[in-house]
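This briefing goes through one structure topic by topic. Please keep the sequence and the model in view while reading.

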Amino acid sequence: TTDFGIKEALETLGLKDINEGTSTGSNNFSNGELIESYSPVDGKLIGKVKSTTKEDYEKVMEAATSAFKTWRTMPAPQRGEVVRQFGEKLREKKEALGKLVSYEMGKSYQEGLGEVQEMIDICDFAVGLSRQLHGLTMHSERPGHRMYEQYHPLGVVGIISAFNFPVAVWAWNTALAWICGDVCVWKPSEKTPMCGVACQNIAAEVFAENDLPEGICCLVNGDYKVGEYLSKDTRIPLVSATGSTRMGKIVAKEVAGRLGKSLLELGGNNAIIVTPDADIKMTVIGAVFGAVGTAGQRCTSTRRLIIHDSIYDKVKDAVVAAYGQLRIGNPLDENNHVGPLIDKDAVKMYEAALEKVVAEGGNIVVEGGVLEGEGYESGCYVKPAIAEAENSFEIVQHETFAPVLYLLKYSGSIENAIEVQNSVAQGLSSAVMTNNLREAERFLSHAGSDCGIANVNIGTSGAEIGGAFGGEKETGGGRESGSDAWKIYMRRQTNTINYTTELPLAQGIKFDL
Ligand code: UN1
């Protein structure tokens, strides 16, 4: 059997001696217990990474706060140049990093490459943006006065990211934070620690080549306890956290308690509305990729299909037929569509969801189950499943991070479907499949989808980095990556300058001395 070039990829990424728990990422001060990373692909140990103790963390913060003093004074376009070089390094290492993402996380190699492409894209975006960190100018009410606003670097940005996008979400945050003049301390998921060290190695190389302190880019490893160091630390003005709503609520409370800022990108419960005017072929592609891509472990994964009763059977049959074509297996083998779940705990949650939907009265139309035998030794491979359900079911209201798709029926006008779509606690991504202009515009209107992302004739996942990414309600309200998402990484300052020899007061107040 082939190892799909994993050994070579690890070498390219500087992860050779990782079995000793060597902290190869420079500026990784970690000396704590070893975190073992097992691949969900074949169950084998990939390597061990040292976790960060409280003492180690203090050293990291010293390095970060001191690096900020240099970095913040560098002109933004010069910081952009460093980010450009980082993007170039990512282009060189795209295959190796994409492979590691696939092997450590379990998504298909194509999706691993796609994730690294998102990193490259955000670097390009950030480079241009480094010349556009602009505020507004306003007309002063006082003669001979000028008023404007400017954006200044914020400081140390804490980043907590999830296993499902082990490298891209970090890059969305860091590329912007860096051009904004901030330094970053990153806690990757303890389920994908090797990806964290690999990224740290790539960034450290760039900072070293530019004679810049590596404290601009810091890595801390561990579970939620290390995340707590970040959320409690008053030296960290912004904590950006991606993951479960449960985690986000804890982080939000902690950060708000010290009046810090948080950027939250949490759970989704994303739906595609399929109206009588939908293109069925496109609907099937969008729905199936949305539901089974990344084995249903994207926060944008399609969880619910809300189908008009007049075409319900037709859509159901087409989607069920497409599921019959899915090949489940080693994600590094490009013939497979669906890889494993991240670990056995995730498998248990998947099984529990299927039991629950049946217990609540749902009807399974594509049988699930855990795969066994050759190629499935890790115990993490499951069959994508489909159940007919009601939106009010507790399990349908809940985000299960697995390939379980619920079919829901609506009748009458699109308003009824929008009502169902919005009747969940989460508000990340949504889509409508229709060729009817009125339906599409209603869906996008003020009375339409309540999500941060609303698409027409494409699925719920696979957002481009040029737009602001994030959602409402229990998704947390944060926006990452494109548009003006950069503003949260900076502090705004309003400046009023008087160029006369008088000192008139605002609001016409007289104060004669
Ligand atoms: C996530 O799952 O946390 O829209 C991010 C998408 C990707 C990002 C998903 N661009 O599916």
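At what angle do helix 3 and helix 6 pack, and how far apart are their axes? In this predicted model, helix 3 (residues 76–92) and helix 6 (residues 168–179) pack at about 150°, and their axes are 8 Å apart.

**Helix 3 and helix 6**

- On the helix 3 side, the contact is made by Ala76, Arg79, Gly80, Val82 and Val83; on the helix 6 side, Ala175, Trp178 and Ile179 take part.
- Sorted by class, this contact of helix 3 with helix 6 holds six nonpolar residues, one polar and one charged.

- Five strands make up an open sheet with parallel pairing, in the order 7-6-5-8-9.
- Strand 7 (217–219) and strand 9 (261–265) are the edge strands, each pairing on one side only.
- From one strand to the next, the twist averages 15°.
- Strand 5 (residues 156–160) is joined to strand 6 (residues 183–187) by five bridges, and the two run parallel. Within this pair, glycine 158 has valine 185 of strand 6 as its bridge partner.
- Strand 5 also pairs with strand 8 in the parallel sense, over four bridges; here isoleucine 160 stands opposite alanine 241 in strand 8.
- Strand 8 and strand 9 are parallel as well, with five bridges between them. The bridge partner of leucine 238 in strand 9 is lysine 261.

**Strand 8**

- Strand 8 is largely enclosed by the rest of the structure, because five of its five residues are buried.
- Leu238, Ser240 and Thr242 point one way from strand 8, while Val239 and Ala241 point the other way; all are buried.

**Helices on the sheet**

- Helix 6, which meets helix 3, also lies across strand 5, strand 6, strand 7 and strand 8 (238–242). The direction of helix 6 is at about 170° to strand 5.
- Helix 8 (residues 224–232) packs on the sheet too, where it touches strand 5, strand 6 and strand 8. The direction of helix 8 makes about 150° with that of strand 6.
- Val226, Gly227, Tyr229, Leu230 and Ser231 are the buried residues of helix 8. These buried residues pack against helix 2 (54–71), strand 5, strand 6, strand 8 and helix 9 (245–257).

- The unreviewed UniProt entry carries the annotation "active site" at Glu265. Glutamate 265 lies in strand 9.
- Why does glutamate 265 count as buried? It has 29 C-beta neighbours inside 10 Å, and the cut-off for a buried residue is 20 or more.
- Apart from neighbours within four places in sequence, glutamate 265 is in contact with Thr242, Cys299, Gly470, Thr475, Gly476, Gly478 and Glu480.
- Glycine 267 sits in the loop between strand 9 and strand 10 (270–274). It counts as buried because 25 C-beta neighbours lie inside 10 Å.
- With neighbours within four places in sequence left aside, the contacts of glycine 267 are Ser244, Thr245, Cys299, Glu399, Gln426, Glu474 and Thr475.
- Glycine 267 and leucine 437 are 170 residues apart along the chain, and their C-alpha atoms are separated by 30 Å.

**Ligand shell**

- Around the ligand are Glu118, Asn164, Phe165, Val169, Thr242, Arg298, Cys299, Thr300, Ser461, Gly462 and Ala463.
- By class, the shell divides into four nonpolar, five polar and two charged residues.

**Strand 14 and its partners**

- Strand 14 (residues 404–410) is mostly covered, with six of its seven residues buried.
- Strand 11 (residues 302–308) runs parallel to strand 14 and is joined to it by five bridges. Isoleucine 307 has lysine 409 of strand 14 as its bridge partner.
- Strand 13 (residues 385–388) pairs with strand 14 over four bridges, again in the parallel sense; alanine 387 stands opposite tyrosine 406 in strand 14.

**Annotated domain**

- The unreviewed UniProt entry annotates residues 33–494 as "domain: Aldehyde dehydrogenase".
- The span of residues 33–494 is 39% helix and 20% strand, and its end C-alpha atoms lie 47 Å apart.

Notes: Residues numbered from 1 in each chain as written. Predicted model: local features only at pLDDT ≥ 70, side-chain atom pairs only at ≥ 80, totals over all residues. Buried ≥ 20, exposed ≤ 12 C-beta atoms within 10 Å, placed from the backbone. Pairing = 2+ DSSP bridges. Near = placed C-beta within 6 Å. Nonpolar A, V, L, I, M, F, W, Y, C, P; charged D, E, K, R; others polar. Axes fitted to C-alpha atoms, helices over the stretch in contact; angles between N-to-C directions. Contact = placed C-beta atoms within 7 Å. UniProt positions renumbered as here; feature names shortened; annotations may be inferred.
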